[in-house]
Amino acid sequence: MSPCSKYDLYEKTTQLKKRGCCFKCLAVGHVSKFCEVRIKCQNCDKRHHVVMCPNVKTVRPLNLKETTGVKSVEHFNTLPNPTCSSRVFLQTLVVLLRGENEDFAVRALIDTGSQKSYITKEAATKMKYLVVKETTLMHTLFGGVENKQKHLEYKIFVSDIGKNYNCTFKVLDQEKICSEIQQISTGFLSKELEDNGIHLTDQECFSFCSSPTIHLLIGADIAGKLMTGKILNFTCRLTAMETLLG
């Protein structure tokens, strides 16, 4: 049973109050009056997390069983909400999609909350990647909401912006991966970045991209293989993690 389904709304509020959590977004460290997180209930469209909706009595658990097969339905947890507060930077970088006749510089997002990796239909078409197979997935989002979708699977060729590292992996197509994600502004943390020899491709190579759209999502199936293990904690509490792609 999911922890959320054990309590009614009054009990949930009591538990959140004991833990110092926000009644709207459930995060620790602020109260709902000062909550800046952009959130909308999937049940009533009001500004609170779906588990705090007075019209929802229970929430189904997220860990669903997985089945296999080319045409079968599989259950995967995917990026639930790309919107974040201005105090948080998501793991974005610029990479090259490689094709037989051209390269395409795109913004990518590393999201280990997604079990699969995705590419936009636009990018897959532009690069003329060949379809490996068709798969139907049941996406499970926050609150146990299920969304059944068909995807085409591609094998893509990716390299870092300097073409020093190349790799191939399989991705699923998606019309739109997420809403616009803010670029890390030029000059941000410039002194610490320079002192440690770190180059943020989403900051320095952004101009190479034709648009700010996220065309590639690197999920948990691939992300771990790209991590070098090098991590740097900045004085402002942000963390930089090096990958083979930048």
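Two strands pair if DSSP finds at least two bridges between them. The legends below describe close-up views of a predicted model.

**View 1. Strand β3 and its two neighbours.** Strand β2 (residues 92-98) pairs with β3 in the antiparallel sense over seven bridges, and a hairpin of four residues joins β2 to β3. Strand β8 (residues 214-218) runs parallel to β3, with four bridges joining the two. Because seven of the eight residues of strand β3 (residues 103-110) are buried, the strand is largely enclosed by the rest of the structure.

View 2. Leaving aside residues up to four places away in sequence, His 215 touches Phe 104, Val 106, Arg 107, Tyr 118, Ile 119, Thr 120, Glu 122, Ala 123 and Ile 177.

**View 3. A charge over the ring of Phe 104.** The charged end of Lys 126 sits over the ring of Phe 104, at 5.1 Å from the centre of that ring. Phe 104 is also among the residues that His 215 touches. As for pairs of aromatic rings, the count comes to zero.

**View 4. The salt bridge between Arg 98 and Asp 103.** Arg 98 forms a salt bridge with Asp 103, and the closest N and O atoms of the two are 2.8 Å apart. Arg 98 is buried, with a relative accessible area of 17%, whereas Asp 103 is partly exposed, with a relative accessible area of 30%. Arg 98, Asp 103 and Lys 163 are linked in a network of salt bridges. Lys 163 itself is found in the loop between β6 (146-160) and β7 (166-174), where Lys 163 has a positive phi of about 60 degrees although it is not a glycine, and at 42% relative accessibility Lys 163 counts as partly exposed.

View 5. Arg 107 is buried, and so is Asp 202. In the other, Asp 173 forms a salt bridge with Lys 121, the closest N and O atoms being 2.7 Å apart. Asp 173 lies in strand β7 and Lys 121 in helix α2, so this pair ties together parts that are 52 residues apart in sequence. Asp 173 is buried at a relative accessible area of 3%, whereas Lys 121 is partly exposed at 31%.

**View 6. Cysteines without a disulfide.** A search of the whole structure finds zero disulfides. The sulfur of Cys 205 is 8.2 Å from the closest cysteine sulfur, that of Cys 209, which is too far for a bond, because a disulfide needs the two sulfur atoms to be within 2.5 Å. Cys 205 counts as buried at 11% relative accessibility, and Cys 178 counts as buried at 10%.

Terms used. Residues are numbered from 1 along each chain as its sequence is written. This is a predicted model: local features need pLDDT of at least 70, side-chain atom pairs count only at pLDDT 80 or more; totals for chains, interfaces and linings use all residues. Side-chain values use heavy atoms; hydrogens and water are left out. Buried means under 20% relative accessible area, exposed over 50%, partly exposed in between (1.4 Å probe, protein chains only). Rings of Phe, Tyr and Trp (its six-membered ring) pair if their centres lie within 6.5 Å; planes under 30 degrees apart count as stacked, over 60 as edge-to-face and the rest as tilted. A charge sits over a ring if NZ of Lys or CZ of Arg is within 6 Å of the ring centre and within 35 degrees of the ring normal. Contact means heavy atoms within 4.5 Å. A salt bridge is a side-chain nitrogen of Lys or Arg within 4 Å of a carboxyl oxygen of Asp or Glu.
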